Amino acid sequence: MTPSIGRIVHVTIGGSCKGAMVAHVWSGQTINVGGFDQNGQPFARTSVPQGEGEGNWHWPERVEEGRPATPDEIAKASQP
Ligand SMILES: [Zn+2]
């Protein structure tokens, strides 16, 4: 799925997911975001690549009835 301005994504910072909104889309899957840390403090990141690692963005994991998403579900949600 292609990111677009205004959508909510996760950015991995300090080893955990932080919610952020897409502020700009570069070519491909690279984006700028503005988000909030676990204390609600705002942060901004530019030229963030898609991925699961530190400093990357990904689509929010799906949670059903309190069950965390499986790796397969996360991978499927990340596909274009
Ligand atoms: Zn996440």
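Among contacts in the protein between residues at least 6 apart in sequence, 24% join residues at least 24 apart; two residues are in contact if their C-beta atoms, placed from the backbone, lie within 7 Å. The model is predicted, and local features need pLDDT of at least 70, side-chain atom pairs count only at pLDDT 80 or more, and totals for chains, interfaces and linings use all residues. Residue numbers start from 1 along each chain as its sequence is written.

**Overall architecture**

- The protein has one helix and five strands, where helices (H or I, at least four residues) and strands (E, at least two) are DSSP runs numbered from the N terminus.
- From the N terminus on, the elements follow the order β-β-β-β-β-α.
- The radius of gyration, taken over C-alpha atoms, is compared with a globule rule of 2.2 Å times the number of residues to the power 0.38.
- For 80 residues, a compact globule would have a radius near 12 Å, and the protein agrees with its 12 Å.
- The C-alpha trace spans about 30 × 30 × 20 Å along its principal axes.

- Five strands form an open sheet in the order 4-3-2-1-5, with antiparallel pairing; two strands pair if DSSP finds at least two bridges between them.
- Strand 4 and strand 5 (57-58) stand at the edges with a single partner strand each, so one side of each is left without a neighbour in the sheet.
- Two bridges join strand 1 and strand 5 in the antiparallel sense, and W57 in strand 5 is the bridge partner of V11.
- In general, strands of a sheet pair through backbone hydrogen bonds, either parallel or antiparallel.

- Buried residues make up 11% of the 80 residues; a residue is buried if 20 or more other C-beta atoms lie within 10 Å of its own, exposed if 12 or fewer, and partly exposed in between.
- Beyond its neighbours within four places in sequence, V9 is in contact with P3, A20, V22, V33, W57, H58, W59 and P60.

**F43 in strand 4**

- F43 lies in strand 4 (residues 42-48) and is partly exposed, because 13 other C-beta atoms are within 10 Å.
- Leaving aside neighbours within four places in sequence, F43 is in contact with G35 and D37.
- F43 and K18 are 25 residues apart in sequence, and their C-alpha atoms are 9.6 Å apart in space.
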